[in-house]
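Here is a short note for a colleague who is opening this structure for the first time. Please read it beside the sequence and the 3D view.

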Amino acid sequence: MSTFSQTPGELDVEAVLGTDFLMSLNFSTIISASTFEAGIILTESPSQTVFPITVAISGTNIVNLSLTDSQIDAIGLISDKKWYLTRTVNGTKQMILSGRFQISDTPIGQNNGIQFIVINDLTVSSLYAIGATGLTGSTGVYGSTGATGVTGATGLTGATGTAGSPGGATGATGVGATGATGLTGSTGPLGSTGATGLIGLTGATGVQGATGSPGGATGATGSTGVAGATGPTGPTGATGIGATGPAGAAGITGATGATGVVSSTPSFTTISVSGEAAFGIPVQTKSSPSITANALSLNLTAATLFSVTLDQNVTVTFSTPPASPKVFSFMLQFIANGTGYTTTWPASVKWPSSTPPTITTTNGKIDTFTFITHDGGTNWFGIVNGQNY
């Protein structure tokens with residue numbers, strides 16, 4: 001039975017599409033107390049993907065690594081992928097073998113019988129193995145030149161240099177004619193970056209020369225003729241019969257009456273109000289009705305705050321709310337006496353999530369609720385202001 005050697009700890013293997021893969025490792029020591037893990041690393045970035053290789057221990061010295069033909073087909077054709085085999089003994093994990101793994105349509109070469117590869121203290125048998133790497137082939141023909149990349153953005157413009165020294169001053173204007181322009185000073189050298197140089201002073205303006213003699217004298221302008229008199233305005237046509245007469249003049253606005261004096265301490269014996277009225281901040285009215293025969297009827301014209309001791313099971317009703325579409329609200333306080341009682345609310349009351357509140361039972365504790373309607377009591381919206389006060 002032939003053997004051949006390979007770099008210790010490294011083994012390149014090959015599998016073929018549509019064929020089962022099996023590799024047996026024969027350890028020279030007993031491995032029954034060890035656990036093994038093997039896999040093919042298909043991708044390493046941006047995250048690692050590992051296809052597990054089935055590991056099975058046979059007897060006390062042999063580890064079988066296998067992939068079914070369907071698993072081989074699921075992975076597909078690959079080359080130069082990493083694979084590994086680790087062993088864990090007494091809580092310590094070791095890398096036993098690693099190398100390259102590839103799957104081909106046709107194997108590079110098939111061994112006759114079983115061939116053993118000796119690596120350190122274990123013996124490997126395999127149907128297929130990748131031989132040593134061959135010589136590097138000659139360089140292929142260069143591909144065509146790729147398209148030119150996008151031109152980078154233009155850099156920032158540097159600061160403006162200091163202006164050169166100013167030219168010579170403008171020459172004075174000659175008498176009687178515009179003075180000749182002074183010679184332009186030579187251009188100063190380009191200064192280093194900095195502030196702009198001062199502008200040269202403008203030369204003084206020369207004296208205005210006398211105006212030349214005019215041509216022939218202009219004839220005198222004739223006097224303006226007398227304007228003709230304005231003709232008389234024609235008579236206004238007569239108003240047609242039945243025409244509306246002119247509107248009468250507006251009467252004079254009467255003088256503003258004197259400002260009345262209001263007493264700083266006014267008093268009123270009686271104020272009569274018809275319908276609904278509001279004066280400043282309204283004052284709430286409190287009522288303390290009792291539960292009678294398990295019934296509690298709240299007359300909404302009697303108060304806007306009802307304080308009730310909860311001393312028995314109770315069915316609550318609301319009566320005489322304002323008509324729609326007026327908005328109306330009132331508050332109800334239940335004072336617990338230490339015993340739990342059932343509370344039946346009107347069917348028109350809507351609670352958040354359709355869940356009525358649980359009434360506090362601790363003696364002397366108060367639960368406060370607000371009820372709002374805008375449709376004459378057809379619907380009441382119940383709000384839990386606070387509980388267990």
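1. Terms and basis. Buried means under 20% relative accessible area, exposed means over 50%, and partly exposed lies in between, with a 1.4 Å probe and protein chains only. This is a predicted model: local features need pLDDT of at least 70, side-chain atom pairs count only at pLDDT 80 or more, and totals for chains, interfaces and linings use all residues. Residues are numbered from 1 along each chain as its sequence is written, and side-chain values use heavy atoms, with hydrogens and water left out.

2. Thr373. Start here. Thr373 counts as buried, at 0% relative accessibility. Thr373 sits in strand S18 (residues 366-373). Strands (E, at least two residues) and helices (H or I, at least four) are DSSP runs, numbered from the N terminus. What does the side chain of Thr373 make with the side chain of Asp375? A polar contact, at 2.9 Å. Such a contact is a pair of N or O atoms within 3.5 Å; within protein, one must be able to donate a hydrogen and the other to accept it, and residues adjacent in sequence count only if both atoms are side-chain atoms. A polar atom of the Thr373 side chain also lies 2.9 Å from the backbone oxygen of Asn379.

3. Around Thr373. Contact means heavy atoms within 4.5 Å. Set aside neighbours within four places in sequence. Thr373 is then in contact with Lys326, Val327, Phe328, Thr378, Asn379 and Trp380.

4. Salt bridges. How many salt bridges does a search of the whole structure find? Four. The definition asks for a side-chain nitrogen of Lys or Arg within 4 Å of a carboxyl oxygen of Asp or Glu. Asp12 and Arg100 form one of them, with the closest N and O atoms 2.8 Å apart. Asp12 lies in the loop between strand S1 (3-5) and strand S2 (13-16), and Arg100 lies in strand S8 (residues 92-104), so the pair ties together parts that are 88 residues apart in sequence. Asp12 is buried, at 16% relative accessible area. Arg100 is partly exposed, at 28%.

5. Salt bridges that share partners join Asp12, Asp80 and Arg100 into one network. Is Asp80 buried or exposed? Asp80 is exposed, with a relative accessible area of 54%.

6. Glu44 and Lys82. These two form a salt bridge, with the closest N and O atoms 3.5 Å apart. Glu44 lies in the loop between strand S4 (35-43) and strand S5 (49-58), and Lys82 lies in strand S7 (residues 78-89), so the pair ties together parts that are 38 residues apart in sequence. Glu44 is partly exposed, at 49% relative accessible area. Lys82 is partly exposed too, at 44%.

7. Nonpolar cores. A nonpolar core is a set of buried Ala, Val, Leu, Ile, Met, Phe, Trp, Tyr and Cys residues joined through side-chain atoms within 4.5 Å. The largest has 24 residues, and Leu65, Trp83, Leu85 and Phe101 have the most contacts inside it. S2, S3, S4, strand S6 (62-67), helix H1 (69-75), S7 and S8 each supply at least two residues of this core. A second, separate core has 22 residues, including Leu310, Phe328, Phe330 and Phe371.

8. Three strands form an open sheet in the order S12-S14-S16, with parallel pairing. Strand S12 (295-299) and strand S16 (343-344) stand at the edges, each with a single partner strand, so one side of each is left without a neighbour in the sheet. Two strands pair if DSSP finds at least two bridges between them. Strand S14 (residues 314-319) and S16 pair over two bridges. Which residue of S16 is the bridge partner of Val314? The partner is Thr343.

9. Thr360. Thr360 is in the loop between strand S17 (349-350) and S18. Thr360 is buried, with a relative accessible area of 17%. Leaving aside neighbours within four places in sequence, Thr360 is in contact with Ala336, Lys365, Asp367, Gln387 and Asn388.
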